[in-house]
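Please look at the model first, then read the points below.

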Amino acid sequence: MWTQAEVRELKVGRYMLIEDEPCKIISIDTSKPGKHGEAKSRIDAVGVFDDKKRSVVYPVKHKIQIPMIDKRKGQILTVMGDEAEIMDLETFENFSIPVDSELRDSMQPGEEIQYLVAMGRRKITRV
């Protein structure tokens, strides 16, 4: 799920879709309009799920896709290897989610976490 916005409405720290991957914007550089053209923006962003850096250049009036990102809270039920069983604290839904190696050591059953849901995928953001 996504909405549309023009490039000139974007801000650093927000999200956009690049190559069907939700990305967090880390910088926006806008050039002045040329003699026969319009102003263009160079956007640098990092993929939310794959941590790859991506850069795109669009005219400021170009329409781009903004992913619908849902930030939620959950509780850790169990941690098994590189996966954790999580229960959503609003819907009480149980699901498995992959865990980054740097978060794995700090995760204990019973703790609350924050995770985000975008484009049908989930990622733990904070323990």
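Which residue in strand 5 is the bridge partner of Arg42? The answer is Val57. The model is a predicted one.

**Strands 4 and 5**
- Strand 4 covers residues 40–47 and strand 5 covers residues 53–59; the two pair in the antiparallel sense over 7 bridges.
- The hairpin of strand 4 and strand 5 has 5 residues between the strands.
- In this hairpin, Asp51 takes a positive phi near 55°.

- An open sheet is built from 5 strands in the order 9-8-7-10-11, with antiparallel pairing.
- Strand 9 (94–98) and strand 11 (121–126) each have a single partner strand, so they stand at the edges and one side of each is left without a neighbour in the sheet.
- On average, neighbouring strands of this sheet are turned by 45° against each other, direction ignored.

**Strands 7 and 8**
- Strand 7 (residues 70–80) pairs with strand 8 (residues 83–88) over 6 bridges, in the antiparallel sense.
- Gly74 has Asp88 in strand 8 as its bridge partner.

**Strands 10 and 11**
- Opposite Tyr115 stands Ile124 in strand 11.
- Strand 10 and strand 11 form a hairpin with 2 residues between them.
- Met119, in the turn of this hairpin, has a positive phi of about 55°.

Terms used. Residues numbered from 1 in each chain as written. Predicted model: local features only at pLDDT ≥ 70, side-chain atom pairs only at ≥ 80, totals over all residues. Heavy atoms only, no water. Pairing = 2+ DSSP bridges. Helix = DSSP H or I, 4+ residues; strand = E, 2+ residues; numbered from the N terminus. Axes fitted to C-alpha atoms, helices over the stretch in contact; angles between N-to-C directions.
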